Amino acid sequence: MSSLKRSLDSDPFAANISSKIYVRSTKSGKVQKIVREVYLRQDIPCSSRLCRICLKTAPKDAAGRPVPFVLSDAPAGTSTFPQGHYLVPDTNAFLSAMDLFEQSSAFYDVVVLQIVLEELRNRSLPLYNRLISLTKSEDKRFYVFFNEFRLETHVARRDGESVNDRNDRAVRRAVAWYGEHLARSGANKVPAVVMLTNDRDNLRKAKQEGIHACSLADYVRQLKDSERLLDMIPEMEDREDVKEKRPGENLYPEYFTMSRMMTGVKNGLLHQGIFNVSPYNYLEGSIRVPAFPKALLILGRENINRAIDGDLVVVEVLPKDQWKEPSTQVIEEDAITKNENPDAEETEDFVSEKERKALQEEVKRTHSKTTEGHAQPTAKVVGVVKRNWRQYVGHIDQSSVSQSAQQGRKQDTVFVIPMDKKIPKIRLRTRQVAELVGKRILVTIDAWERSSRHPVGHFVRSLGELETKAAETEALLLEYDVQYRPFPKTVLDCLPKEGHDWRVPQSKDDPGWRDREDLRDLLICSIDPIGCQDIDDALHSRPLPNGNFEVGVHIADVSHFVRPNNAMDAEASIRGTTVYLVDKRIDMLPMLLGTDLCSLKPYVERYAFSVIWELSPDADIVNVRFTKSVIKSREAFSYEQAQLRIDDDSQQDDLTKSIRTLLVLSKKLKQKRLDAGALSLSSPEVKVQMESETSDPIDVKTKELLDTMSLVEEFMLLANSSVARKIYEAFPQTAILRRHGAPPKTNFDELANQLKVKRGLDLSVESSRALADSLDKCVDPKEPFFNTLVRIMATRCMMAAEYFCSGTQAYPEFRHYGLASEIYTHFTSPIRRYADLVAHRQLAAAIEYEAVDPSVRSRGRLEAVCKNINVRHRNAQLAGRASIAYYVGQAIRGKATEADGFVMKIFSNGFVVLVPRFGIESLIRLRDLAEPEPQATYDAETYTLTTSGSREVTVELFQKVRVRVSDQKDETTGKRGVKMELVTVY
Amino acid sequence: MASAQHVLLSPAELAYLHSSLSLTPPIRPDGRTPTQFRPLVAETGILPGTNGSARICFADGTEAIVGVKAEVEKTRSRHDDETVFVEGAGDDGEEEETDDITRTGESDWIELTVEIPGLRDDDSATAFLAAMLSEALLADGGLVKRLWINRRFHWKLYLDIILISPPLSYPLPLLSLTTHLALLSTRLPRLKSEGDEDPFFDDDWAAAPYLYPRQQTATPTAKSAPRSPATRPPITLLVMAVANNILFDPSKEELAVADAALAVSVTSSTRSDENDDGDGDDSMDVKEKKGRNLRLLSIRTVDPPSRLTPPGVANSSNAAYGVAGNGNGKATEGRTAVAEGEAVVEGVWRAPRGGAKRAVMAALVQKALERGGVVDEVFDALEGVELG
């Protein structure tokens, strides 16, 4: 017998064909061998402007012009490469130091190899997206070179070679080719092509092969402000060093393998969910999983096992004897771990003495309890499916800075305390301690090894001095992931060319007038807060001959200016919403549109999208129609002005009369809504008054409620639900709607119990109607604010309302619980909310004004949009609140005032007081009460905290107290915050 | 079963052929020794999309391609073990022990289809071929055992066997050898998960292990401990007997005068314990001190074309019409091929009657399984085919 293997030499095209073989596992559990043929070519350009060779074969666009080359013909030089250089980073360089590449001071002319890009995409999608946006930016000159498809740079895997080694070799091959290729280009100064890698082995091989290569640190040292840049190289211990560590020193349990977790989750033995940290106790987390109605508790460092707030984790339920009650104690990380030494941490016990003590207290309390039933199921984290790490704003813990580091320039390890209390301290190595102390800084977490007590991160940039307005505002925006950069040129290009001179066309033959109704003769006015520039909505009403009323709500026609799928639309869909801070507004749409062309300013003609009802005198809808229109607002009132005008009987003009009609109708509408079970919820709202010149806060006022506010609100609600019905009818699968889920009853357990115990009040939560009624009954004749307090607390038990695409839910799930509306959407603020813009497009298609754009019809895309704007919406709210809190703190700075407050939450070692006057809540700890810290007994049954010893007070839930509000700068952390001191208990 | 079509040889030619093959030593038309195989051309890895594939081309022009594809399949759980699988997936040694015991496979983990050009796929010849091939593969349960992933999952193997030339001679040995080669070159993705988890595989194809691991050749360290060759998939060979001669790899012409034709399935295994738990016919096992442990899996008789009544024979003298129906159980008696009661005319071909002789059968088994024997040689040759 003889055997024969056909050789490939006989195939004339063999050199041009290669293949890539890998195994693909599909979600359904199929495992496939995939073979991809790779056709190698020689016309992929190097894209260097020096190169004359590639120009001949470079791909051309439709007009026959070659695509312009990216890499500069005179790239910057460094001390080692004075002739100039192009960079070729490997995957790890991007993975570990993407921040470096985004610097504007260095890192230009970078060749991103296809293989690196692909690997990066597999490893980290966010980093991949950042790199993609870098390659798109014109000034950074990043070029994606498809090395796998170019004949000369394609590398076939050798026998026994690992994928990584092969990829490293491919990178080296590409670097070598670039070098040879540029040398042949005939330029008189040929730039060096430098590979960037932190892999020692790769560096060694590069040296052997005679190509330029640097480690990141070595390269950065050649640059100008290397000190600053060096900090951005994450603390990556060399591979060898990691191995030396004995496994015995690992502090945390190892994570399960992915397949084990997935099997467990499928079998229902493990549970997957988003990990949340309690804002009062950094050692307590909770996770909501579909399998149980109540959240699972995760207690203690070991059980939390390196999960960070927001991570998608898998947990295992602990045996029943380890079930615990949620802590009634406040445990703050900076207080307990204050004196840790960031350098010598491994020698310490894993769970520090103090942490242990805090836990002991817990146990004591649980044991003293007779009611075992209160214990809640606990769980431990066994693995992380997806990290949700972002960049965190924080400041350096002053106490962790060693004395020597204050002066020297050597690398030092410090702790960064993130602004968000739910994020653990981050260990950071930096050379610029002295400069960074007292600054707001941005850091990222790189890793959290099993052997490290705290996550390790690296410095990204400094935002400025603590407590300066610029730094704090930017910190806030970063923390809530608000896109605050100016609009890029591509977006501004989408604006009308006329700019501010744009007018509604005179001639009705203009295409802009097509299918538009001329409503310029209607007496339309707008009512908004003082100083409002982006006027979304305007109203009118007039009596009809049959005794009914015609009421119109006119909304800025933003969809006329923002066409689907252009750059402006994409940017708006990413921003999702306009963010209002106390002194700043971060727009969703460029100023020109938001405050001028779209804004329904008075006395000028504007395009609008109108909802026009015929309402009976009892405010029942007789009919409704929707139309695009042209309007001319007669007046832009503020709430106060409108209120004055209504109240002033001498005003009898048609405009005032129509506002009065609207007011009467709105009250009827409101009553109907309340009868249907709409909730009137509450949150403490205040307004910061600013000095007009310096915009320094001077005073804090609680918001006044005027009839005119609810006038506008009622008609907006009416418009929203009318539109929702219309677009749902037209697009049953893809209408963008807003729902508010009924909260699970267990959410109210705590509050209902508290009300029962303290006030003997019943809270019934069967339906929104029952809840509304029982909330109405929660009154304390002596204390008018009590009702509001309960409403505030009830609001916190609710679910968040959310946008969704109608095909993803069954019709009964559309319900808006808070508004007691069957179906609801957002339509009335397209200038500041993207959802409204989508609703506009859908409504326009529904009334056949324009053709349906595919983007508002694709369910997948709409779901993605909804998901994003839900997050953005929430972040915008949080950012707004945080901004108010900051300014409230600034307003009372240096002015200690006494105010009344209410106890909202009570712990065994402190309590939370809400001060309605300032709309702030703050924790008063036992140790704040007196010096030395008084003894206290906490009765969890009656929610009473009784102190004895140095100060004797009894604090109960819902109690009215008098507190002194002042600002305080924490000496150790350098953080300024509102400080409350208990004056008396009423 | 009858194989292929008639050979266009006259009775005289057939008789001549028969008598020359009956000589000691026999003289074969192409000058081969009785155990010599015709040269063949073989290659593996010809279908990149499959887990394993092979092509073999015989000298007579017949050619076959086999592709093996594997798919992960959930094992049907039996009612008696309602075990929850995750708990013990960790590191307790007990688990490890039970693993080996529970490693069993089922015969429906292999699905085999044969395609012969010109024949319908439900043709009896095709079905019979498929049955014979899968019978050999499943006979000792060794192959399906390899498909076990964990207690909940297994690989399902799809073997597609295609004869791409017209069936010039009886294609069984060709298909079997090609299947053997394809299985040898079959690789399954490397398992990364452990225990009874949902299987999770390495996405690197280069790391995928062979279904039948290759011997480590030329590793100096391994030389000190003489390794017995690895277990190999079974092969089925065609053997024929003429008078007392046993001829391997008969050609089409030779088959036309065979007294008996047999399909012999043999496997080779490493572990000696496999011999002990065998099904009792120890006599068939020939244990080698060094080299393979060859095991006979099955012997099937195949109806050679010589058994068919040649055209032009009168019904009155046709055995199929019961003319020579004297005596029952002649097959068991093992008479000579030439029927009695009929005048034997020298130089005129008569279809043989009766089965193979017992002594011939014994010699055949002996010859097949002996060390350095034909089967050993075939395994060696197949091993020599470069995989890739």
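**Exercise 1.** At what angle do the axes of helix H21 (residues 639–647) of chain A and helix H22 (residues 654–675) of chain A cross?

*Solution.* This is a predicted model, in which local features need pLDDT of at least 70, side-chain atom pairs count only at pLDDT 80 or more, and totals for chains, interfaces and linings use all residues. Residues are numbered from 1 along each chain as its sequence is written, while chains are lettered from A and ligands numbered from 1 in the order in which they are written.

Step 1. The axes (lines fitted to C-alpha atoms over the stretch in contact, with angles from 0 to 180 degrees between N-to-C directions) cross at roughly 100° and come within 9 Å.

Step 2. H21(A) is therefore roughly perpendicular to H22(A) (65 to 115 degrees).

**Exercise 2.** Find which residues of H1(B) are buried, and on which side of the helix they sit.

*Solution.* Step 1. A residue is buried if 20 or more other C-beta atoms, placed from the backbone, lie within 10 Å of its own. In H1(B), B:Leu14, B:Leu17, B:His18 and B:Leu21 are buried.

Step 2. They cover an arc of only 100° around the axis (taken from the directions from the helix axis to the C-beta atoms), so they are on the same side of H1(B).

Step 3. Their cover includes strand S6 (232–242), strand S7 (245–248) and helix H7 (252–255) of chain B.

**Exercise 3.** State how many residues of each chain are in contact, and which element of chain A supplies the largest share.

*Solution.* Step 1. With contact defined as C-beta atoms, placed from the backbone, within 7 Å, 29 residues of chain A are in contact with 31 residues of chain B.

Step 2. H10(A) gives the largest share of the side of chain A that touches chain B, eight residues.

Key:
A residue is buried if 20 or more other C-beta atoms lie within 10 Å of its own, exposed if 12 or fewer, and partly exposed in between; C-beta atoms are placed from the backbone. Helices (H or I, at least four residues) and strands (E, at least two) are DSSP runs, numbered from the N terminus. Two residues are in contact if their C-beta atoms, placed from the backbone, lie within 7 Å. Angles under 35 degrees count as roughly parallel, over 145 as roughly antiparallel, 65 to 115 as roughly perpendicular and the rest as oblique.
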